[in-house]
Amino acid sequence: MLTKDTLNTLLHFAESESPKEMCGLFFSNERFKPCPNSALDPTRTFELAYRDYAHACLFFEEQPWAIVHSHPGKSASLSSKDCQLMDALHYTGRDWAFIVVGLDPVEVRCFKKIGDNYRLLAWWYQNEAGEWCGPGMGDVIPMKRYESIT
């Protein structure tokens, strides 16, 4: 589960990078490492350079458990490019999570690829008062299961 402080950190970074997609890595104990978006068009996609990935792994002395990026002006739903990246990560044999920060509406979703399906593991959103709702926030919300997205 992500805490309110962590969700606020992700939201702040996503807003500060908008209209570009922000990206970063998550390590144990909710340690988030923002990384430069090295895509040719960072307003449409994100790309994490290998050197930035390697530097973060050396700094934290471990492998990340999740890749994080944002969808400025969109929801935190998986895009077709997100699914392609999750497909590629699935073949590494590591148990990756994929966290997407949406800015319209403000929400954070955590996905994993399990078998041939993309699964929504957790969903947090801000209510009208700007408070976070979702797992670990005292609310029970229905979880939508994502089947294969093609």
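The side chain of Asp82 makes a polar contact with the backbone nitrogen of Ser79, at 3.0 Å. A polar contact here is a pair of N or O atoms within 3.5 Å; within protein, one must be able to donate a hydrogen and the other to accept it, and residues adjacent in sequence count only if both atoms are side-chain atoms.

This is a predicted model: local features need pLDDT of at least 70, side-chain atom pairs count only at pLDDT 80 or more, and totals for chains, interfaces and linings use all residues. Residues are numbered from 1 along each chain as its sequence is written, and side-chain values use heavy atoms, leaving out hydrogens and water.

Back to Asp82. It is found in helix 3, residues 80-90. Helices are DSSP runs of H or I, at least four residues, and strands are runs of E, at least two, numbered from the N terminus. Asp82 is buried, meaning under 20% relative accessible area with a 1.4 Å probe, protein chains only. Beyond neighbours within four places in sequence, its contacts (heavy atoms within 4.5 Å) include His69, His71 and Phe98.

Two of those belong to strand 3, residues 66-71: His69 and His71 point one way with Ile67, while Ala66, Val68 and Ser70 point the other. Six of six residues in strand 3 are buried.

What runs alongside? Strand 1, residues 23-27, pairs antiparallel with strand 3 over four bridges; pairing needs at least two DSSP bridges. Phe26 has Ala66 as its bridge partner. Strand 4, residues 97-103, runs parallel to strand 3, joined by six bridges. There, Phe98 stands opposite Ile67.

How values were computed: Buried means under 20% relative accessible area, exposed over 50%, partly exposed in between (1.4 Å probe, protein chains only). Lys and Arg count as positive and Asp and Glu as negative; His and the chain ends are not counted. A salt bridge is a side-chain nitrogen of Lys or Arg within 4 Å of a carboxyl oxygen of Asp or Glu.
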